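Here's a quick briefing to read alongside the structure. Take a look around first, then work through the points below.

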Amino acid sequence: MNPITNPESTTNWYLFLSCLLFSIGVMGVLFRRNALIILMCIELMLNAVNLLLVSYSAYAGNTDGQTFVFFIMVVAAAEVAVGLALMVSIYRNIGSIDIQSLNKLKW
Amino acid sequence: MEPSILFYLLSAMSVISALFVVFSRSPIYSVLSLIVCFFTIAGHYIMLNAQFLAIIHIIVYAGAIMVLMLFTVMLLNLNEDVSVHKFNITKLIAVITGGLLFLVILASVKSSTLLTYQAPANLNIGNAQDIGMKLFTDYLLPFEISSVLFVSAMISAVLLAKKEVK
Amino acid sequence: MNLLNLITPSMMIPIFPLLGFLILSFLGKRLGAFSGWVASMAILGSFLCSLNIFLGLDGQQLNYTIFKWISAGDLQIEFGFLIDHLSIIMLLVVTGIGFLIHLYSMGYMHHDEGFTRFFSYLNLFIFFMLLLVMGNNYAVMFIGWEGVGLCSYLLIGFWFKNQAYNNAAKKAFIMNRIGDLGFLIGIFALVFHFGTLDFMDIQNQLVSFESNAPVLIFITLMLFIGATGKSAQLPLYTWLPDAMAGPTPVSALIHAATMVTAGIYMICRSNLLFALAPFTLHIILIVGIATSLFAAIIGIKQNDIKKILAYSTVSQLGLMFAAIGLGAFESSMFHVMTHAFFKALLFLGAGSVIHAMGGEQDIRKMGGLNKSIKLTFVTFLIATLAISGIFPFAGFFSKDEILAKAFEHNLLVWALLSISSMITAFYMFRLLFLVFYGEFRGTEEQYKHLHESPISMTLPLMVLAVLSAFGGFLGLPAVLSSTHQLSEFLSPVFMASKSLKVEAHALTHEQEWLLMGIATLAALVSIYYAFHLYMKKKVIPENEEALSGLSKWVANKFYVDEFYHKVIVNPMLILSDLLLVLIDKLVIDLLVNLTALIVDSTGRIYRLIQTGSTGFYLIAMVLSMVIVMFIQIIL
């Protein structure tokens with residue numbers, strides 16, 4: 001089955017879209033103070049990269065890119081699990097997830 | 001040939017929902033916007049003929065990860081997020097930095113050239129059979145090791161979140 | 001004999017003392033009294049190798065390179081040895097007398113706690129002296145030159161617990177250094193004009209130079225300044241009397257026989273260079289005569305047995321330099337040889353006297369020792385006769401030869417040198433009479449302590465006495481024999497310079513007899529005057545406070561030391577104090593403290609970056625990533 005969009009003409013656009021999503025994710029990481037939302041923005045960044053990989057896989061005509069995306073998803077899932085467990089643990093110790101309160105590592 | 005209208009629609013929806021993720025006041029809204037974003041990205045996958053990946057994407061991300069996050073938000077009762085509308089110089093710097101990063105990344109790839117397009121030899125590039133073949137022959141080792149990764153993630157999650165025994 | 005066979009013995013010559021030094025430095029404490037034998041055997045080994053080469057050299061020249069040392073553009077300086085007749089004479093003298101003095105020291109320094117240290121220093125000194133003599137270019141000679149200066153410092157200040165001795169050692173070293181500056185400038189000028197420092201190469205290049213070229217005059221003057229420092233001529237001579245602070249064997253070895261003759265050896269080695277600069281030779285002649293007279297006059301009024309001998313050394317060195325100034329290089333070397341014999345004998349005898357007197361060195365407290373220490377007395381008498389120039393002892397022939405050459409040259413020069421010889425005879429016999437004749441003027445315990453020295457000390461005395469008595473026959477003048485052995489032996493070395501010398505009218509036989517007669521008569525007159533003064537009238541030198549006028553000036557060494565101190569040393573000290581405050585404290589301390597201050601304050605500022613706020617860290621991370629990528633794009 002052919003892709004609906006023709007990879008020959010749309011790969012550039014996918015590149016642009018992916019960069020946009022990535023930088024929005026970065027902005028979110030820097031912008032928000034809630035640690036959970038920061039985790040979600042990290043997920044957003046990962047997805048932007050996934051999108052780019054898939055589009056290049058369609059362009060190049062083999063499934064190596066898609067397999068890589070598969071493994072990225074694996075890692076993202078594991079990371080979210082552990083990250084959320086960490087959040088819970090921090091919440092239990094400090095009482096909030098505001099990253100401004102995690103400031104003991106200073107001079 | 002121009003990208004179709006469907007592409008523009010999906011792209012617009014993903015960008016808008018991403019912006020909602022970043023700039024909304026309540027964490028619940030952010031979670032929900034992110035789910036919408038994931039769906040649109042799955043749509044992009046289908047448009048690129050990555051069928052298996054699209055389904056997996058929805059199952060794993062929208063189905064598992066986001067639900068997990070929703071659970072955590074509910075559990076920790078993080079619905080109130082007061083400090084968002086207090087203006088801070090840090091926020092400005094953050095936005096500017098993000099914008100700069102966008103520009104720099106674009107500029108980095110500007111001068112690169114794409115390889116010549118080759119139409120896929122096998123039209124069944126994106127379906128489950130093909131990916132399965134690849135996973136179990138060329139990428140067998142990462143496949144097996146990812147199972148170890150999952151085990152370790154499970155153990156660590158359980159250990160970290162356990163209540164301390166007094 | 002094939003020259004190649006001689007290379008190994010010639011390399012062993014300096015290696016033996018070096019090995020001795022190393023062994024004694026590291027294992028000395030364990031060897032204890034045996035270290036004296038180790039050191040002496042090392043020098044004996046060198047002496048035997050020198051003898052081997054002497055017998056096999058046969059008019060040839062042994063010149064070889066051991067390794068290429070400095071290679072800088074066009075300048076190639078190698079480390080090599082040159083052994084010809086001139087070097088072999090010096091080698092035999094240095095190793096032979098060195099060996100005798102080592103034997104002597106085994107007895108003299110027997111009770112000293114620094115016994116092994118002494119012998120290690122002595123061996124090191126011999127090593128450097130051998131390098132000086134055997135080098136085939138000025139650079140290797142300079143290594144030896146500096147090395148003997150160092151060892152001289154170590155040995156003069158041997159009893160380092162006494163601050164006055166340390167000052168004397170410092171004075172010797174610093175004065176030597178002043179001369180070395182001249183030597184170095186001479187070496188630089190040689191490199192600049194000749195492009196090489198090799199003796200033979202320079203000699204070959206000299207054929208293109210005319211006599212009295214300004215370049216040569218400059219170079220030779222600078223080299224002569226170096227020789228002045230090392231061989232204690234005016235004005236750099238005051239270190240030699242002070243150097244008597246060292247043990248007596250040191251005075252015998254360094255300041256009588258070897259180190260102080262290094263300057264003369266250097267000039268003789270560069271004889272062609274000096275022969276082409278008659279202006280410098282004139283200056284050398286003047287300085288030599290002046291030193292000879294000056295030191296002799298001071299020696300008249302000294303009361304320390306070693307100081308008298310020290311001034312005598314300065315005076316005799318002046319005589320040798322005068323001989324060089326006359327262009328008579330072989331005569332100078334002849335006198336070097338005979339002087340080594342009898343001066344070493346005099347010093348060792350003085351050591352024996354001091355040993356017998358239990359450490360007393362003032363001759364006013366001695367007297368009548370000829371009954372108690374007979375062997376020392378006999379050898380000392382022979383040496384005194386030799387230095388006064390009495391026939392047929394060694395000093396007569398060498399001194400007479402110089403006086404004859406002086407007469408050929410200029411009557412005034414001859415007259416001044418003869419006066420100097422007369423004064424020498426006078427004060428040497430004054431020393432002899434006051435120490436060995438008359439009544440004993442010391443204390444009771446000293447009288448009971450008087451004893452002859454052990455065999456280890458008297459054996460070298462006897463050997464040297466024989467040499468002083470018969471060594472002169474190596475250089476019989478023309479009237480007595482047809483061959484002058486030494487001058488023939490040295491003729492290949494001095495051939496080139498002899499051809500340049502304007503041959504003054506040679507003396508007829510009658511004139512030679514006349515000169516010899518006058519010299520002997522003058523010496524006898526001085527001896528009789530000394531006899532009259534110190535034996536018949538029994539005059540005993542007074543203490544310094546009782547003197548006045550000219551006597552006071554002479555007894556206080558013409559106040560040269562005080563003059564130097566006021567004019568040179570004190571301004572130096574003031575200058576260094578000034579520099580301490582101005583430069584050391586204000587500039588250097590400021591720079592160092594400022595650096596520390598800068599580091600400290602920037603550290604304080606940078607510390608503030610670690611705010612601890614995670615959000616700030618995140619922004620910083622992304623921002624730096626942006627900057628890096630930005631730079632990557634630009635470049």
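**Nonpolar cores**

Let's start with C:A344: leaving out residues up to four places away in sequence, it touches C:I97, C:I101, C:A252, C:A256, C:A257 and C:L464. Keep in mind that this is a predicted model.

- C:A344 belongs to the largest nonpolar core, which has 198 residues.
- C:A344 is also one of the residues with the most contacts inside that core, along with C:F125, C:M129, C:L130, C:I156, C:L345 and C:V435.
- There's a second, separate core too, with 70 residues, and A:L51, A:L52, A:F70 and B:M66 are among them.

**Where chains A and B meet**

- Chain A puts 62 residues into the contact, and chain B puts in 74 residues.
- Which helix gives the most to the side of chain A that touches chain B? That's α3(A), with 19 residues.
- Sort the residues on this side of chain A by type and you get 42 nonpolar, 16 polar and four charged.

**Chain B on its own**

- Chain B has six helices and zero strands, so its pattern along the sequence reads α-α-α-α-α-α.
- How many of the 166 residues of chain B count as buried? The figure is 28%.
- Take the contacts in chain B between residues at least 6 apart in sequence: 57% of them join residues at least 24 apart.

**Domains of chain C**

- Chain C is assigned domain 1 (4–560) and domain 2 (563–634).
- The C-alpha centres of these two domains of chain C are 57 Å apart.

Conventions
Residues numbered from 1 in each chain as written. Chains lettered and ligands numbered in written order. Predicted model: local features only at pLDDT ≥ 70, side-chain atom pairs only at ≥ 80, totals over all residues. Contact = placed C-beta atoms within 7 Å. Helix = DSSP H or I, 4+ residues; strand = E, 2+ residues; numbered from the N terminus. Nonpolar A, V, L, I, M, F, W, Y, C, P; charged D, E, K, R; others polar. Domains from an automatic or database assignment. Core = buried A, V, L, I, M, F, W, Y, C linked by C-beta atoms within 7 Å. Buried ≥ 20, exposed ≤ 12 C-beta atoms within 10 Å, placed from the backbone.
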